[in-house]
Amino acid sequence: MKTLVIAEKPDMGRTIAAVIEPKAKNHRSYLEGERYIITWAIGHLLGLAEPDAYDEKYKRWNFNDLPILPDRFKIVPNPRTKDQLKTIGELAKRCDTIVNACDAAREGQYIFALIQQQLKLTQPVKRLWISDLTNESIAKGFAELHEASEFENLTQAARARSEADWLIGMNATRAFTTKHRELLSVGRVQTPVLALIYDRQKEIENFDSLTYYEIKAEFKQDTRMYTGSWQGDRLTDKEKAEAIAKKVRGKEGRITEYEVKDTKEYPYKLYDLTLLQREANAKFGYSAKKTLDIAQALYERHKVISYPRTSSNYVTEQNIDGMHKVLHMLKSSSYKELAEGGRPNLVHVGNKAVCNPSRVEDHHAILPTLRRPGTLSKEEQNIYDLVIRRFLSHFYPAAEYKQHTVLTEVEGETFKTNVKELLSLGWKVCLPGDDGAKAGKGRAKKKDEEEETEELISEPFEIDRNRPVQCTDAEAKEKATQPPKHYTEGTLLKAMESAGKNLENEELREAMKDAGLGTPATRAATIERLKNVGYITMQGKKITVTQKGRTAVELIRRAGVELLTSPEMTGQWERRLYQISKGEAAREQFMENVRRFTISIIEKVRTQQKADASMFTSAETEKGGRRGSRSSSGGKTGRSAAASGASERRTAQAAAKQLPAGSLQPLAPCPREGCGGQIIEGRKGYGCTHYKQGCGFVIWKEFGGKKISPAMLNALLTKGQTQLLTFKREGSEVKARIALVDRTSGKLELMEAEPSRT
């Protein structure tokens, strides 16, 4: 019998097949050779079942049915990929051994475990554990397959994470939603991230700007000119500031202190996923999700970088030789000049800035592979370029500078000057275009809140400390203290990564040191989730909290479950999950603690006062909703457009009023552009939760003599039409599809096929 290899995605499966079975026959959903059959999942083929799988009553959201605490979690196939799951099951019957070739990480382990559980696979299992998809790595990985038992603890940790997230998410979301009659999504990671954004925005809104005055003086000694900043307590008195400037202007001064020291700047760390996402957001404005998708394509499809979903910035001893080979390969690429300038002897096992095995968990830092890129899109090239330049920078020496610090005294007033004199660019020659130019040319750099500036120069800075200087000019400039900046996706990723650093509990702080909120692989999805549920919105690069997002945080904190908004709970979980993965803690005890916490959430929300509906909508949103109704009325203007918008709202309200108490299960996002609401089921129709904000979208349950089922609704929202249906008309049967022709109102029409006589 043959060996079945199960990869995580089709591209990975085909890449593996090309190495271990190059003459394999392609059967579309699998490839078969003499020894191996290679197939694949398509991400998650299975997931934890919805609550109604345990009891029909859970189809309707009812606070009195909470908490929902399954004794044993059920798993269900993803309906979109159930055929592929069936294929795996059929192939497994023809094989006596299985290789788990899913991603070498906790989530990949979980994907395989669920397939094994659902299909009741009993064959012995080996584990392929590799960090890139080059031919060399795949061949070596198959020559050194691991026993599946080595990863059993990691599987247990993955199950615990998934089931615990289900318990908190399902119960807390239903509790807050049914209590306050507004869809309020709650999650272990997304809620503290929302709280980070909320707290920053409150800081900005409550910030009280202070006006102060900064005094700058220009000094000259022979041909040398330099600038100094007045030293003293912050000046808020304009007249006093101008008096000091006037006092020193045109006067002779002396240098009271002059210090020169050599400094070095070493290359930035190799990329992990979060660092790559932050950089791509800052340079190109890419969202975290977009960068992840591009990096995944570079890994899976183009095979030009190593596994991107890594949390490590370092490599192991085994990677050093490969890094040298990649450097050599780049000498015959468009990076020829930079590669030839690199020094291989700088990258070695003793260089702890590069090689630090103790800081590498499942995967090393993102590295380029020996595969030369073919045709890359502009966006793919941008990300690949970042990886290549960061990689090459470690083959260059440190950038070298002379740091000059000068204190100049004039008429009893002291001024400070910081000058950074470039001696050698070193690794900074690897920086792209503008950044590389800036590294060698003069510019001002803010060093801290007080705006102590540092001048970067490339020519020698010379001054005689024993000779006088002349103050040629001095000026008092009005300044104002600045509030914290809004988060961008890049700075939010950094905050998620470092969340927990301020926790008082030292053990929790240590647990989150390398984890933070979420994982590199899930942080982008968390940010997207906050957008999709209407908690945050983007203003250019800035992230702002919506009124709904504000109210969600405030309700959770007021309910007495503020732990849900704090990184502390994630710290506790990550510490315990890590211990489970190492066999140092029991999964059962962890899950029991999660169940107890779930029960406490329900009890606290039960006694909370119901929020007024107005708390979820800002005045701007209401106006925007009305504008949206008018603009979508097919070009109508004036009174007719207003009447149309009002009619739409009445229609949606009529559907919403048919909602039985507690039946607020979200079925899908509202398709109306910019709405952000959720489609929920009422007695007579499917309407949007944002009907009070002006959304008029509704699909009635009866159309053309057919009942619109949830499955048909899903087809309408995702595909725009149902499958072919049979309609009776004057003694005939007509084949037609129901089509969604207006995604603003929910209007349906029949699209007829050829009629047939009965």
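First, a convention on angles: axes are lines fitted to C-alpha atoms, for helices over the stretch in contact, and angles run from 0 to 180 degrees between N-to-C directions. Contact means heavy atoms within 4.5 Å. Helices (H or I, at least four residues) and strands (E, at least two) are DSSP runs, numbered from the N terminus.

Now the ground rules. This is a predicted model, where local features need pLDDT of at least 70, side-chain atom pairs count only at pLDDT 80 or more, and totals for chains, interfaces and linings use all residues. Residues are numbered from 1 along each chain as its sequence is written, and side-chain values use heavy atoms, with hydrogens and water left out.

The overall picture. The protein has 22 helices and 28 strands. Of its 758 residues, 51% count as buried, meaning under 20% relative accessible area with a 1.4 Å probe, protein chains only; exposed is over 50%, and partly exposed is in between.

Next, the sheet. Seven strands form an open sheet in the order β2-β3-β4-β1-β7-β8-β9, with mixed pairing. Two strands pair if DSSP finds at least two bridges between them. Helix α3 (residues 106-119) lies across β1, β7 and β8, at about 170 degrees to β8. Strands β7 and β8 pair in the parallel sense over three bridges, and I98 stands opposite V125 in β8.

On to the cores. A nonpolar core is a set of buried Ala, Val, Leu, Ile, Met, Phe, Trp, Tyr and Cys residues joined through side-chain atoms within 4.5 Å. The largest has 84 residues, and those with the most contacts inside it are L4, I115, I197, L564 and F590. Helix α5 (residues 152-180) gives the largest share, eleven residues. A second, separate core of 65 residues includes V99, V304, L327 and I388.

N281 is in helix α8 (residues 273-284). Is N281 buried or exposed? It counts as buried, because its relative accessibility is 5%. A polar atom of its side chain lies 3.0 Å from the backbone oxygen of Y286. Beyond four places in sequence, N281 is in contact with Y286, T488, E489, G490 and K541. E489 and G490 are among the buried residues of helix α14 (residues 489-498). The buried residues of α14 pack against several elements, including α8 and α9.

Last, confidence. pLDDT is the predictor's confidence in each residue, from 0 to 100. The protein averages 87, and 88% of the residues score at least 70. Where is confidence lowest? Helix α20 (residues 619-631) has the lowest mean, 39, while helix α12 (residues 378-393) has the highest, 98. Over residues 619-663 the pLDDT is below 50, yet this stretch has 62 contacts in the model beyond near neighbours in sequence. Residues 754-758 also stay under 50, with six contacts beyond four places in sequence.

How values were computed
A polar contact is a pair of N or O atoms within 3.5 Å; within protein, one must be able to donate a hydrogen and the other to accept it, and residues adjacent in sequence count only if both atoms are side-chain atoms.
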